[in-house]
Amino acid sequence: MSESQRTLRLVVSGERVSAEQIAARVAEAAALLRAGRLVAFPTETVYGLGADATNAAAVAGIFSAKGRPLNDPLIVHIAEAEAMAEVARDIPSVAWELAQRFWPGPLTLVLPLAARIPPIVTAGGATVGVRLPAHPIAQALIRAAGAPLAAPSANRFMRTSPTTAAHVLADLDGRIAAVLDGGPCAVGVESSVLDLTRAPARLLRPGGVTLERLREVIPDAQGPLERAEDTQAAGDDGEAMSADVAHSPGQMQRHYAPRTRLIVYDATDAAGRAAVLAGARRCIADGLRVGALVPDEEAATLTALGVVVERLGPGDAPAEQTRRLYAALRALDARGCDLLLAHTFAREGLGLALRDRLRRAAGGAFTMPEASEP
Ligand code: TXA
Ligand code: MG
């Protein structure tokens, strides 16, 4: 597509849009997909960049529009659980149980690949990630397209995932045919990716469905690997690259990244709050313009110091924090700071996904808080 061709923005939410208009716009987007074009669409997690998963040439377009390497497999999106059998084979009964319990919703199941899906979708691999999204527009689009949709998050490679149509256009305007604008995403972080092709099952990426809930169905499901080198000493600039890349190539340690350097202290709750405060004081003393991404309760003290603050939401509302995370990161990144600071979250519930995304946004590692001054 030539750069001069603007991306069509098709609004499918809001009071001024009628049901008929929504249906017509979804049909228009589906026609583009059937013609092998790329369409971004809302899901409950983040916006996806869709192509007909059965059309290898269309799927190749996803990789070039994003600048994504071909060794990173795409998730295939379906609109009915039964369609899992068209995309995957040798489906274990636990996959149907998980589907029954968590679909539609933010869970991707990794299963043996069926022949209908061309190898480019799975980066040549023998397994496929399958997901049934909860967003009604996503479901309507898949049905109208008449094919499963391969769709990664609709951002340029290594950039923060989009949770609004404006984020999609900021990265991909002119590079894709259309975006269906369904407003902000409700979950805000990507789906949990659960590998069912090995025993015990392993969570490759923590996301919208927590490990605790998955263990209600698979009690021995393993959590994602967090290695010792995930935390580096303060001042150590080295980038910890992944050892896990071979299993899930998309799980590179540096990902979801803002342009401004971000430091995420390896401390939670009161210790996290103290670490950000101490870090901000030091940076301000050095004459730096500092930004911080923190729970609401921590905002006032930092603002009073002159720190540029983006709030994540109330500390006791993790779902609100995941919902706001990427938008807050993008907003903070646009405010001309020299350095951004945050702290991590406890390893429970959605905290696991928050930790994971913050660590990647920080370049792959947390930073040890410096000992506080006497
Ligand atoms: O919530 C989501 O999952 C969003 C929305 C659009 O559905 N999609 C998304 O896609 O986040 P993407 O491509 O940005 O991330 C997919 C992740 C990558 O880390 C990829 O490596 C992993 O899933 N993945 C996909 N297929 C896989 C497979 N067969 N085996 C292992 N990992 C896989
Ligand atoms: Mg992505």
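Modeller: Start with a term: a salt bridge is a side-chain nitrogen of Lys or Arg within 4 Å of a carboxyl oxygen of Asp or Glu. This is a predicted model, where local features need pLDDT of at least 70, side-chain atom pairs count only at pLDDT 80 or more, and totals for chains, interfaces and linings use all residues. Residues are numbered from 1 along each chain as its sequence is written, chains are lettered from A and ligands numbered from 1 in the order in which they are written, and side-chain values use heavy atoms, without hydrogens and water.

Colleague: Which residue does Arg-360 meet in a salt bridge?

Modeller: Helices are DSSP runs of H or I, at least four residues, and strands are runs of E, at least two, numbered from the N terminus. The N to O distance is 2.8 Å, and the partner is Asp-356.

Colleague: Is Asp-356 buried or exposed?

Modeller: Buried means under 20% relative accessible area, exposed over 50%, and partly exposed in between (1.4 Å probe, protein chains only). Asp-356 has a relative accessible area of 5%, so Asp-356 is buried.  Arg-360, at 4%, also counts as buried.

Colleague: Which residues are linked with Asp-356 in a network of salt bridges?

Modeller: Side chains of opposite charge can pair when their charged atoms come close. Here Asp-356 is linked in a network with Glu-190, Arg-357, Arg-359 and Arg-360.

Colleague: How many residues apart in sequence are the parts that Asp-171 and Arg-330 tie together?

Modeller: Asp-171 forms a salt bridge with Arg-330, with the closest N and O atoms 3.8 Å apart. Asp-171 lies in helix H6 (residues 165-172) and Arg-330 in helix H10 (residues 318-333), so the parts they tie together are 159 residues apart. Asp-171 is buried at 12%. Arg-330 is buried at 18%, and the separation asked for is 159 residues.

Colleague: Where does Glu-216 lie, given its salt bridge with Arg-101?

Modeller: The two side chains meet at 2.3 Å, N to O. Arg-101 is in helix H4 (residues 93-102), while Glu-216 lies in the loop between helix H7 (211-215) and strand E11 (231-232).

Colleague: How many disulfides does the structure hold?

Modeller: A disulfide is a pair of cysteine sulfur atoms within 2.5 Å. Cys-283 is buried at 11%, and Cys-337 is buried at 9%. The number of disulfides is zero.

Colleague: How much of the protein chain is buried?

Modeller: The chain has 11 helices and 16 strands. Of its 374 residues, the buried share is 57%.
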